[in-house]
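Visitor: Please take me through one part of this molecule in detail. I would like a close look at its aromatic residues and what surrounds them.

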Amino acid sequence: LNEFTAWVIGWDLMLEYLFSAATVSVGWSGYFVSLLADMGLAFPSRWCTAPLNLPAAGICLLLTAVCAVGIQSTARANAVVVATKLVVIVLFVAFGVSHVKGENLSPFVPPNTGTFGRYGASGVLRGAGVIFFAYIGFDSVSTLAQEARDPQRTMPVSIVASLLVTVVLYIAVSVVLTGMVPYSELNVPDPIAVAVNSVPSLFWLRPVVKIGALCGLSSVVLVTLLGQVRIFFTMAKDGLLPPTFATVHPRFGVPLANTLVTGVLAAVFGGVFPIEVLGELVSIGTLLAFAIVCGGVLLLRRSRPELKRPFRTPAAPVVCSCGVLVSALQMIALPPETWLRLFVWLLLGLVVYLFYGRKHSKIRARTYGEVKEDPPVTSPALVAASALSVVGNSALPSTDGIGSGNALCEMLHPGAVGSGTPTSAPPPLLPDAEALGEIHVETAGIVSPEETPPNALEKVVDGLGERLC
């Protein structure tokens, strides 16, 4: 694999994280307006729907400000938010199940309307593609490998267990939701609020559900904004983006330019586009990244069989092949307009790469002998790897502005990156996803808990660069 493949994954992950924040902000807007209505405050509809969704843009800008000044005790706060979300979900299912109406669940799969993707079997496939981005983040458990005992055994169990719990909760909420209210009334940003509002006896549950949803969605927006900031930072450290994006603010200890650009773009997208367009665009970007990574693991099994793999996927050829096929199948089921938007996004990324990234790439300069004076930095493929560490709430940093998830870069170029030694061909740039746990164990201790930004951030980057030399 090559640098261009890594760039495609990184640019694709920009699409995933940037538009994820925008998508969730639109849902946040729906619950916010519904909560205001319960309080007797009417928010003008023309200001809370595309193309002028002010609450969506506002929450993006507010959380951008939080990111810009740094985050303290994020892990603890996030644990409280996660607990709150789980309590709200359990309350909704427990009290809503008694209000499920059988006629709302029949037919369980509405017949196709004659248009591909509009109900029926094709509708199920398209629906799976649209909500696919809701299932990303389970691999973020790997970012805590350095704190786990026996990560080779516990990390796979944690990932699979979290996946199973989430699937059960998702199915339970979906069944209760569509049983309480006809599915035709749920094509809104705040479906649970609609369901609770439809039952007068659950009046007391309305503020609980909506406040819980606002807290939960806020944390998701925050995490995705942080993820996008990391991606900008890593690509800039490699010279693929202007150096401004690799500059850490001396006071706040965060890449300030990245944070502001990310927040403003997310606010614009969330304020202008409807949730359907945003959700489909995020999903097709996520599916493309998953397909490339699954294919990359297969290729690395053949091209780099000597790599140490603490985590070995059972029947990897079958699992990875199925991953590629299922991702591709769900992508095909998405609307043609979504494919067009993906093509435009990738074309824009190609222009940026050819006219800037390729000319300023530090790893390309080192690989072909044009060693620059800058200290060794991580690979552009860290864009893909670091993104894996920030999707879920557990990936939020605790001691520095960027977080210890960047330790994943250890697995990208064993013994090659940063050495300053010219080679005849570029080293492989796509990470083997099975090396996650050991990498975190090996890189634990680069930053002590007492260190604070920006020194902690610089020590992470420099320390990882030294390990790659």
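**The aromatic cluster and its surroundings**

Guide: Phe4, Trp7, Trp11, Phe19, Phe269, Phe273, Trp345 and Tyr353 form one aromatic cluster. This is a predicted model: local features need pLDDT of at least 70, side-chain atom pairs count only at pLDDT 80 or more, and totals for chains, interfaces and linings use all residues. Residues are numbered from 1 along each chain as its sequence is written, and side-chain values use heavy atoms, with hydrogens and water left out.

Start with the pairing rule. Rings of Phe, Tyr and Trp (its six-membered ring) pair if their centres lie within 6.5 Å; planes under 30 degrees apart count as stacked, over 60 as edge-to-face and the rest as tilted. The count by this rule is twelve aromatic pairs. Take Phe19 and Trp345: their ring centres are 5.9 Å apart and their planes stand at 90°, so this pair is edge-to-face. The pair links distant parts of the chain, 326 residues apart. Phe19 sits in helix H1 (residues 3-38) and Trp345 in helix H11. Helices here are DSSP runs (H or I, at least four residues), numbered from the N terminus.

Now burial. Buried means under 20% relative accessible area, exposed over 50%, and partly exposed in between (1.4 Å probe, protein chains only). Phe19 is buried at 6%. Trp345 is buried too, at 14%. Phe269 and Phe273 make a tilted pair, 6.1 Å centre to centre with 40° between the planes. Phe269 is buried at 17%, whereas Phe273 is partly exposed at 34%.

Next, the nonpolar core: a set of buried Ala, Val, Leu, Ile, Met, Phe, Trp, Tyr and Cys residues joined through side-chain atoms within 4.5 Å. The largest one has 54 residues. Trp7, Met14, Phe19, Leu225, Met235 and Leu241 have the most contacts inside it. H1, H2 (54-68), H7 (205-237), H8 (256-272), H9 (275-303) and H11 each supply at least two of its residues. H1 gives the largest share, 16 residues.

Met14 shows the packing. Contact means heavy atoms within 4.5 Å. Beyond its neighbours within four places in sequence, Met14 is in contact with Phe19, Gln228, Ile231, Phe232, Met235, Leu241 and Trp345. Two of these names, Phe19 and Trp345, also belong to the aromatic cluster.

Finish on H11, residues 336-360, where Thr338 lies. Thr338 is buried, at 1% relative accessibility. Residues up to four places away in sequence aside, Thr338 touches Glu280, Leu281 and Ile284.
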